[in-house]
Amino acid sequence: MSKQITGFSKLTKEEKITWLANQFFTDKKQGIATLKSYWNSNEKLQKLHDDFIENTLSNFYFPYAVAPNFVINGKDYTIPMAIEESSVVAAAALVAKFWSTRGGFKTKVISTTKIGQVHFMFSGNESDLVAYFNSIKSELFEVTNNITKNMRNRGGGILDIELRNKTSDLNNYYQLHVTFETKDSMGANFINTCLEAIANHFKETETLDIQIVMSILSNYVPDCLVRAEVSCKVEELYKEDAAHYTQKFINALAIANAEPHRAVTHNKGIMNGIDAVVIATGNDFRAVEAGVHAYAARTGKYQSLSGAKIENNIFYFWLEIPLSLGTVGGLTKLHPLAKLSLEILQKPTAKELMEIVAVVGLAQNFAALRALTTTGIQKGHMKMHLGNIIKQLTTDEKEVAYLLEYFKNKPVSHSAVVAEFDKIKA
Ligand code: MEV
């Protein structure tokens, strides 16, 4: 039986759910009930979420948590995080507390430039194209004047428009490479609107055959860069064998730089923290992910985003990443929880948010490397995992305490916990 349908988007929400249930659900009643159990009883709020995307049927919840006790450039922060992975927030909170007594995190925004490109094909004489571009360049700024007015008032706008010859990469391929400053907004809509206006004017020539292919921002933002760092004396890093474990930590970073398989997992751990804050603040985590991983491969080899060294017995650990974030516009305004997250973060500018997000990435990486090079991560993971399994079985305090004690030094698996629980119930 075909599972194709035309006009799906025109059906009501109820009709869409019924169609879905008829097509795919094993237990229709249960499936429909599950979808509806995630509807928000506040109809206005539900409508808001319905309208974010097309064909909304329900809501998909992520736990929303906070990690307190971060000290960043001497200021206290409690950081909201939206993530499903059990150990991430616990690790962030632990590391925040750890560094709060060792000078806290230091951060610096290195640059804030974003990039958009008008990609076009041109098979004529390059010098004619250059002459045409130079003759029209000021008009390319002028045609965006209306669009950029508010942004210019806020100190942003188009910084430069360059003509780039890309024919060594692809026959007849040129681009207008446009750099932007978008202040507190992520600026995707602003950049794309400017680029389309620029492209429309640029192609209006009777003498040259310019074929615009597309106009779009780039999510690769190596010049929208932030650095976060921590440092302390080597002996302050571990309770015992500090020099030995610090060296292991440094070796773990060297391995991530030498070995792309390890680098990807290493950076994934960093993104655990970054994505959680990016999502909680209503920012575009796909854009951040794409840009960050491209940056990790900028030398031609995929490497660690973080670095560490020991100098004069001081341990330094840092992270440098490109982050294109906004604290105004987009979902940051529309999503009530995103708005609240920014309030929890004391209404940061985009630059401050870049710093906060980088800090959580660094904290996450610190937690992962510290665990991996000492006890291994499974101990901590399994403790959380055990807690989650027990929660599904019982809330009886005595039973919970018994199971926690029983599995203290035993391997945890869902079936083992269920078996032990069944035994105490027998
Ligand atoms: C798990 O989500 C993240 C880690 O694998 C990161 C790492 O290995 O560095 C623990």
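Hi everyone, thanks for coming. Please keep in mind throughout that we are looking at a predicted model.

Let me begin with the overall picture. The chain has 426 residues, and 43% of them are buried. Its secondary structure comes to 16 helices and 10 strands. Laid along its principal axes, the C-alpha trace spans about 90 × 70 × 40 Å. If you take the contacts between residues at least 6 apart in sequence, 69% of them join residues at least 24 apart.

Now to the inside. Which residues touch the most other members of the largest nonpolar core? They are F70 and L323, in a core of 66 residues. Helix 13, residues 350-372, gives this core its largest share, 12 residues. Apart from that core lies another one, of 25 residues, and V118, L129, F190 and I198 are among them. Coming back to L323, its contacts beyond four places in sequence are V221, C224, V226, I274, V288, V292, M354, V357 and A358. Three of those names, M354, V357 and A358, carry numbers that fall in the range of helix 13.

How many of the residues of strand 6 are buried? The count is 9 of 9, so the strand is mostly covered. In a regular strand, side chains alternate between the two faces of the sheet. Here, Y173, Q175, H177, T179 and E181 point one way, while Y174, L176, V178 and F180 point the other way, and all of them are buried.

Strand 6 also has partners. With strand 4, residues 113-121, it pairs in the antiparallel sense over 9 bridges. In that strand pairing, H119 stands opposite Q175. Strand 5, residues 157-165, is antiparallel to strand 6 as well, joined to it by 8 bridges. There, I158 is found opposite F180.

Let's stay with F180 for a moment. It sits in strand 6, which covers residues 173-181. Why does F180 count as buried? Because its relative accessibility is 0%, and the cut-off for buried is under 20%. Beyond its neighbours within four places in sequence, F180 is in contact with T112, T113, K114, I115, G116, G157, I158, L159, F190, I191, C194 and L195. For a sense of distance, F180 and P336 are 156 residues apart in sequence and 29 Å apart in space, C-alpha to C-alpha.

Finally, a look at backbone angles. Most residues other than glycine have a negative phi. D241 has a positive phi, near 50°, and is not a glycine. Its place is the loop between strand 8 (225-233) and helix 8 (242-258). D241 counts as exposed because its relative accessibility is 52%, and the exposed class begins over 50%.

N312 also has a positive phi, about 50°, without being a glycine. You will find N312 in the loop between strand 9 (306-311) and strand 10 (314-322). Is N312 buried or exposed? With a relative accessible area of 75%, N312 is exposed.

That's my tour, and I'm happy to take questions.

Terms used: Residues are numbered from 1 along each chain as its sequence is written. This is a predicted model: local features need pLDDT of at least 70, side-chain atom pairs count only at pLDDT 80 or more; totals for chains, interfaces and linings use all residues. Side-chain values use heavy atoms; hydrogens and water are left out. Helices (H or I, at least four residues) and strands (E, at least two) are DSSP runs, numbered from the N terminus. Buried means under 20% relative accessible area, exposed over 50%, partly exposed in between (1.4 Å probe, protein chains only). Contact means heavy atoms within 4.5 Å. A nonpolar core is a set of buried Ala, Val, Leu, Ile, Met, Phe, Trp, Tyr and Cys residues joined through side-chain atoms within 4.5 Å. Two strands pair if DSSP finds at least two bridges between them.
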